[in-house]
Amino acid sequence: MDAEAFAAVHSDEWDELEQLLRRRHLTGAQADRLVLLYQRAATHLSQVRSSGADPAVVAHLSRLVARARTRLAGAREPAWRDLARFVTTSFPAALWRVRWWTAGAAAFTVLVGTATAVWIVRDPAVLASLGTDEQLRQYVESDFAGYYSADPAAAFSARVWTNNAWIAAQCVIFGVSGIWVPIVLFQNAVGIGQAAGLMISYGQGPLFFGLIIPHGLLELTSVFVAAGAGLKLFWALVDPGPRPRSQALAEEGRALVTVALGLVVVLALSGLVEGFVTPSGLPTWARIGIGALALAAFLVYGGVLGRRATRRGETGDIREEQREAVQPIAG
């Protein structure tokens, strides 16, 4: 299809439809004309989409048809439908699309954290460099476990949520740089490995894992997802594929926002686990079981719903009629 010729033939109808949409009040004849022009524009949109026409023409018609549909059907969909779509489609699709980047962030963290812990456990000089024996014993025997019960559970949960949300936000905001995400992951991994190495060196390994695993499973997975989404955005800049680089960044950036919004809730749940479950008097197996169930629920949610959504063509991006115009691309 010759997009320019097609637009030249039908542009008068499109302009007339746009003029009618700008009117606050329509006569009966004008309303009938609006319906007719809307139907024609919807048909034209279907034709240009199927022919792979100029993206600018597709974008212009998409907005025009969406405005006419809203004018004819009344108010837009209720907010609860947008929320339902976000929960059941957009967020899971975005999670599924970054799954391998998430796995890479997790593997990197486990590798660095394990190497740090082993280094501390096996090298007395490294252990001694972290503090005096008295200071280290204070940390191992009192401070580490006391951290989880020093404040009321609700206040502690809020503080933990804020801290983790900030870490995830850094991955989201600075992900496109390609540098900041590895730095944040490395620092986080070294901190975890250092704590593990200290606790294991003083025979408190079971206490460490009994306190860190219940909330850490979901909490760290959320950070890995944020890191994966940030790295995927960076890769869209490096290798946009068949899309123009600006379009690739826009699409992945909007999907990244979807991930960020969804993780706000996930991190809030992990904060509740850390505030109420981790320091509770429940047996260690019960606390770890609760944390494992929370992680399993999240993985099933993202895996099952995300896979279904991506098979339907969803990416975590907003709906097409809500997007901005696409700049024409030569060739």
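Author: A helix is a DSSP run of H or I with at least four residues, a strand is a run of E with at least two, and both are numbered from the N terminus. Ser 270 is found in helix 11. This is a predicted model, where local features need pLDDT of at least 70 and side-chain atom pairs count only at pLDDT 80 or more, while totals for chains, interfaces and linings use all residues. Residues are numbered from 1 along each chain as its sequence is written, and side-chain values use heavy atoms, with hydrogens and water left out.

Reader: Why is Ser 270 called buried?
Author: Buried means under 20% relative accessible area, exposed means over 50%, and partly exposed lies in between (1.4 Å probe, protein chains only). Ser 270 has 1% relative accessibility, so the residue counts as buried.

Reader: What makes a residue a contact of Ser 270?
Author: Contact means heavy atoms within 4.5 Å. Ser 270 is in contact with Asn 164, His 215, Leu 218 and Glu 219, leaving aside neighbours within four places in sequence. Gln 187 is 83 residues from Ser 270 along the chain, and their C-alpha atoms are separated by 20 Å.

Reader: Why is Val 238 called partly exposed?
Author: Val 238 has a relative accessible area of 41%, so the residue counts as partly exposed. Val 238 lies in helix 10. Ala 93 is 145 residues away from Val 238 in sequence and 22 Å away in space, C-alpha to C-alpha.

Reader: What makes a set of residues a nonpolar core?
Author: The members are buried Ala, Val, Leu, Ile, Met, Phe, Trp, Tyr and Cys residues, joined through side-chain atoms within 4.5 Å. The largest such core here has 28 residues, and Leu 185, Val 225, Leu 263 and Phe 298 touch the most other members. Helix 4 (79–97), helix 8, helix 9, helix 10 and helix 11 (245–277) each supply at least two residues of this core. Helix 10 gives the most, with 10 residues. Another core lies apart from it, with 18 residues, among them Phe 6, Trp 14, Leu 20 and Leu 64.

Reader: Which residues does Phe 298 touch?
Author: Phe 298 touches Phe 91, Leu 95, Leu 218, Thr 221, Val 225 and Val 266, not counting residues up to four places away in sequence.

Reader: What makes a space a cavity, and what makes it a pocket?
Author: On a 1 Å grid over the protein atoms alone, a cavity is a set of points where a 1.4 Å probe fits but cannot get out. A pocket is an open set with protein on both sides within 12 Å along at least five of seven lines, and lining residues have an atom within 4 Å of a point. The structure holds 1 cavity of 30 Å³ or more. About 50 Å³ of space lies in the largest cavity. About 520 Å³ lies in the largest pocket.

Reader: Which helices supply the lining of the largest cavity?
Author: Helix 4, helix 10 and helix 11 each supply at least two residues. The largest share, 4 residues, comes from helix 11. The lining includes Ala 94, Lys 232 and Glu 252.

Reader: Which residues lie nearest the centre of the largest pocket?
Author: Tyr 148, Asn 188, Ile 192, Ile 212 and Glu 219 do, out of 21 lining residues. Helix 10 gives the most to that lining, with 7 residues.

Notes:
Grid points are joined across faces, edges and corners, and a volume is the space filled by probe spheres set on the points.
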